[in-house]
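This briefing walks through selected parts of a structure. Keep the sequence and the 3D view open while reading.

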Amino acid sequence: MVKYVGKRLLYAFLTLLVLVALTFFMMRLLPGDPFLGEKVVPETTLKALNEKYGLDKPMIVQLAMYVKNIFKGDLGLSMYYNRSINDIIAQAFPYSFDLGIRSLIFAAITGILLGVVAAVKRGTKWDTAAMLLAVIGVSVPSFIIGALLQYFLGLKLFELTGIKFFPITGWNTALSKILPSFALSFSSLATVSRLMRTSMLDTLGQDYIKTAKSKGLSQKKIIIKHAVRNAIMPVITVLGPIAASVLTGAFVVENIFSIPGMGKFFVISIQNRDYTMISGITLFYGVFLVAANLIVDLLYGFIDPRVKLVEGKE
Amino acid sequence: MKKNKLLAAVLVAALSVTMLAGCGGAKEPDNSAESTTSADNTADPTDTTEPADLGTYPGTSEANAITVNITSEPPDLFTVTTTDTTSFSVIRHIMENLVMLDENDEVVAGVAKDWTVSEDQMTYTFNLRDDMKWTNGEPVTANDFVFAWTSLLTPSFAAEYAYFGYVFKNGQAFNEGTVGADELGVKAVSDYVLEVTLENPTSYFLSTLAFGVFAPLNEKAYNEYGEAYGTDADKIVSNGPFKIASWEHENNLVLEKNSDFYDADNIKLDKITMVMINDTNAALNAFKAGEIDITDRLTGDQVALLEGEGYPVNTYDDGSTFYLEYNLTDKNLANKNLRTALTYAVDSQAFIDSIVKNDSKPAVSYTPPIVKGLNGSFADEVGALIPAFDADKAKDYYAKALEELGVDTVELTMISDDTDSAVLYAAFVQEQLKVNLGIDLKVESMPFKSRIEKMTNKDFSIVFAGWGPDYNDPMTFLDMFETGNGNNHTSYSNAAYDDLLDKVRAELDPTARFGYLTELEKILMQDLPIGPIYWRAKDYVVSGKIASGVRRTAFQDMNYRYVTLK
Amino acid sequence: MDRIEKGRFEWVGANVSESEGITRPSTSYWRDAMKRLFKNKIAVFCLFAIVLISILAVIIPIVSPYTISEQHLTHTNISMGFKDPVDGHIHLFGTDTLGRDIFTRVWSGARTSLFISFTAVFINVIIGIIYGGISGYIGGMLDNIMMRIIEIINGIPYLIIVILLMMVLPAGVMTMVIAYAAVGWTGMARLVRGQIMALKQQDYVVAAKVMGADTKRIIFKHLIPNTLSIIIVNITLAIPSAIFTEAFLSFIGLGVPLPHASWGTLANDGVKVFQIYPSQLIIPALYISITMLSFNLLGDGLRDAFDPKLRR
């Protein structure tokens, strides 16, 4: 187990290195550069800017310097904001994490619950209701859900009652966190509940469930002890990447509710060709993604005893 | 036992709902404003019984304070290096330049009490106020201006707007490293007397001095923070009517009245909170719900909605012209008749009515009406040089063009930005050319940087572009089409035009000068390297809380210094 | 009581042809699945709905009196069921900001969106099954490397990939398919791998292995059919995600080139004005939802039909 984790950490490290290098070269292929604007920049200025950010050196040297700085824990200076990327992330990430974790927990718990109920009560009204909710969840994207929630629960409710239940923008009061979290959780909730239902149905048809039933175990015990535990696997698979992306910032929801999180950097850093920023957030996101996948794989072995973590051969 | 487990499951679900609301958010004390809003509304019976009354949009409730939307984070508040309008909007409130602009964009005294101009219009001598202080306690002196302007032109500062400093004697030479800083035409005669020598006589020089890049810079403060100057609330000093109290990046920026400011008596606001709401629907919702007092960035449909409600929408001419830019190196677009046909074939009024939906005007020449001419508006003095729309003439020109080119039809591709409005514009132009000329225009929308890259590489045939003024003179528009100008993406080159530009630069007599400028405008509208579509007007709304003093003009896109409340 | 004479009976022997004969028509796995699918009324109805929408998406833009780009600047943003008293124009679903007929656009959008999502998801499924299947079945070092490659692909900012693709490919529908498929398959691959990893330890797989079944047989006869239900559900989830990725791509400029429309762009435009003209959001949203509902219910039907454990 320890050996496995150690090996995975080494792979994770290599993965991130390749990711950084690949992104580094790909972003340089993008048309334009950080200092290209509507108005032409004087030659001398351009030269000074390129010198300041080391863009005048050969690309491979730049990459080497960048990687060296990463090891020192320094992500460099944003070419657009002129601020340290460490600072920018340190400031924005807590918002995104806060928003992400709320919506993720809500989506996972509610989704799994809905999926289990729908599977157990298959073909009943419960099933239909749960799955209808799931279908709406996947077919209405967060930019619509967010806009509708903000308009109806934020503005219209206020205009009708004169009481401010939910603020339109911001992330400071407890109430202001409800609508964004809900808007963000909707699609993952739908994904989780549908996958859970299917997986649960599969599991309920397995022999060991029948065995457990004939042994006289109560239905609740069967569902919780045997079925859910086995059915949760595919859900965990999808939750890994969802968690990585949701926790590191949700552009659309953050934009609608004006939450100062990380989401916008994934878009505007690329729009601005803010090279250092692109590399910085890619690495940051990469760490999350790799960690989430590692956790998922570890959970596999933990939840499903049939999956062995250490493959015998090699 | 079993019931307990079921109960537990329900509880978990309930708990997860409350998780969304959860605690841990008590760090913002600022929500007092919101709670008082709701208290006010519940206390006021008319509001609850007649929700329609809320249609007056009372705004925020904090006394002597307003909250305004600046839509995005100001990327850089260091006046020497910054280039974007959002940053300049903030700077306008915290910095006082040598001269400032009044509500009509006329030059008024700022740090300079008064000034004299030499006979040849080459030397300006400014007498500075001796009672102004920086927020770090240092006095504001002539040296602060010398330091700021020298920095602007010093290559190591890498100021993108360095060329603004080329107006000073030896400005360009110093920037390019051929002369030393001591030869720059900016001298502090004493602590409170500043002498400025120009490279060429420049009639609009004083009005450019009000622009943010010419703000003073305190050397001591700059040396203290170095390259991080202007990146945080505690890493910047200012001399204006407001100072930065706090700056939470990407979230809000709070300005607080500077009681040391010389004109503090006329500043009625104690606090301006600048928030960054980017989404258009969210901004309007926040305005309606009393979270902000002023917002712009209204879409045409939102303007229509507000006007439908009977709520006053304010409009100002922002001084930009929008036009189709033709690439003259394209074999088809090298044909003048084709360019004329395309220009005449777009119905500008219909464009404004169906998309922009405000007081924007169809462009009948290039330089917009906001720019001053000899006596009044330059555009008025020049008159209409092209029709806003003339389908019949467009067809005639198109027929001529096809004949000259010896083809049956032309293939054209337009590139545009990928923003919602740019895509709408492109769709409109595409359909207009199809209906009026039968041209199937291909449209490629792409991110901003990709578009600029393509324009710079002349890899386009038509682009929907716009240009705004840097200073209040037609030259800010007209010198763009000089042969070899980096902003001249059309590759337009006309020797007569270049000659006239040189004449304008040397001419001291205003009448003759504007004669040349008019001539330039006429040549341009004859050759049509660009096809003007409209002169933009922008909209904004203010809450019922604000009595007066909101300044929004082409050269002061948001100035809330003198806002007074009811 | 009569005695039963032994002589009245004779031995007829075993009727080989009858006892060994096939009483029910011979059926393959797929045919059986289809049969069961068509017994499911809801699934059949949904299949019918999807086919109908697809056919109408082809026909309506052709027979419509308006083109998708035609702008009626005299009646912009009009509501549903509009009839112009002067020129007799009828706009069933109203018009948008530029006076374009929404009825025509929403059907034309169906064409674009369905084509993009079908093609992209099809590519994703194929790549995903192969990649995930190999990775999960072989395991070990290969699995490790293959999964790390997926992580790298997922880690590169999507916008960079899209903008680069946009530089090298002409703007158009196929470019969008490629842009979506370029990273879309990774989710499917991960899912398939996870399933295969769990299944390959199952007794019947072990039994098949012991009996000498080769890898190909094990993968295609045992593992894939048992993974199918999860895959199908994931397809029904992937199709809406493809439609919205397309909307996002349209938004950043790699969308369907003007003057074309898609459901994603229509919904995106609609959400801007829903406070004023709600129908412009409701109509595309309804189309998307109905299509998705059909896909999901059909997916459920397929799941049941393909489930080997429910086979009778």
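Predicted model: local features only at pLDDT ≥ 70, side-chain atom pairs only at ≥ 80, totals over all residues.

Lys187 of chain B stands opposite Glu195(B), a residue of strand β7(B).

- Strand β6(B) pairs with β7(B), residues 193-197, through 4 bridges in the antiparallel sense.
- These two belong to an open sheet of 4 strands, arranged in the order β4-β5-β7-β6 in chain B with antiparallel pairing.
- The edges of the sheet are β4 (112-117) and β6 (186-190) of chain B, each of which pairs on one side only.
- On average, neighbouring strands of this sheet are turned by 20° against each other, direction ignored.
- Helix α5 of chain B, residues 142-153, packs on the sheet and touches β5 (123-128), β6 and β7 of chain B.
- The direction of α5(B) makes about 165° with that of β6(B).

**The hairpin in chain B**

- How many bridges join β4(B) to β5(B)? There are 5 bridges, and the two strands run antiparallel.
- Within this pair, Asp114(B) stands opposite Asn127(B), which lies in β5(B).
- β4(B) and β5(B) form a hairpin with 5 residues between the strands.
- In the turn, Gln121(B) has a positive phi of about 60°.

**Domains of chain B**

- The domain assignment divides chain B into domain 1 (52-71 + 245-314 + 540-566), domain 2 (73-240) and domain 3 (324-538).
- Between domain 1 and domain 2 of chain B, the C-alpha centres lie 28 Å apart.
- Where these domains meet, 24 residues of domain 1 of chain B are in contact with 19 residues of domain 2 of chain B.
- On the domain 1 side, the elements that give two or more residues are β8 (242-248), β9 (252-257) and β10 (271-275) of chain B.
- That side of domain 1 of chain B, touching domain 2, has 12 nonpolar, 7 polar and 5 charged residues.

**Chain A and its helices**

- Chain A has 13 helices and 0 strands.
- Helices α7 (residues 178-204) and α9 (residues 219-231) of chain A have axes that come within 8 Å and cross at roughly 130°.
- The crossing of α7(A) and α9(A) is right-handed.
- On the α7(A) side, the contact is made by Met196(A), Ser199(A), Met200(A), Asp202(A), Thr203(A) and Leu204(A).
- On the α9(A) side, the contact residues are Ala227(A), Asn230(A) and Ala231(A).
- By class, this contact of α7(A) with α9(A) has 5 nonpolar, 3 polar and 1 charged residues.

**Chain A against chain B**

- Helix α6 of chain A (residues 142-161) packs with α9(B) at an angle of about 5°, and the axes are 11 Å apart.
- That angle makes α6(A) roughly parallel to α9(B), because angles under 35 degrees count as roughly parallel.
- From α6(A), the residues Ala147(A), Gln150(A), Tyr151(A), Gly154(A) and Leu155(A) meet Asn281(B), Ala282(B), Asn285(B) and Lys288(B) of α9(B).
- The residues of this contact of α6(A) with α9(B) divide into 4 nonpolar, 4 polar and 1 charged.

**Chain B against chain C**

- The contact takes 23 residues from chain B and 19 residues from chain C.
- On the chain B side, α9 (280-288), α10 (300-308), α12 (348-356), α15 (420-437) and β15 (441-446) each supply at least two residues.
- The largest share of that side, 8 residues, comes from α15(B).
- By class, the side of chain B that touches chain C has 11 nonpolar, 7 polar and 5 charged residues.

**A helix pair in chain C**

- The axes of α6 (residues 158-168) and α7 (residues 173-199) of chain C come within 10 Å and cross at roughly 145°.
- This crossing of α6(C) and α7(C) is right-handed.
- The contact of α6(C) with α7(C) has 9 nonpolar, 1 polar and no charged residues.

How values were computed
Residues numbered from 1 in each chain as written. Chains lettered and ligands numbered in written order. Domains from an automatic or database assignment. Contact = placed C-beta atoms within 7 Å. Nonpolar A, V, L, I, M, F, W, Y, C, P; charged D, E, K, R; others polar. Pairing = 2+ DSSP bridges. Axes fitted to C-alpha atoms, helices over the stretch in contact; angles between N-to-C directions. Left-handed = near helix turned anticlockwise from the far one by under 90°. Parallel < 35°, antiparallel > 145°, perpendicular 65-115°, else oblique.
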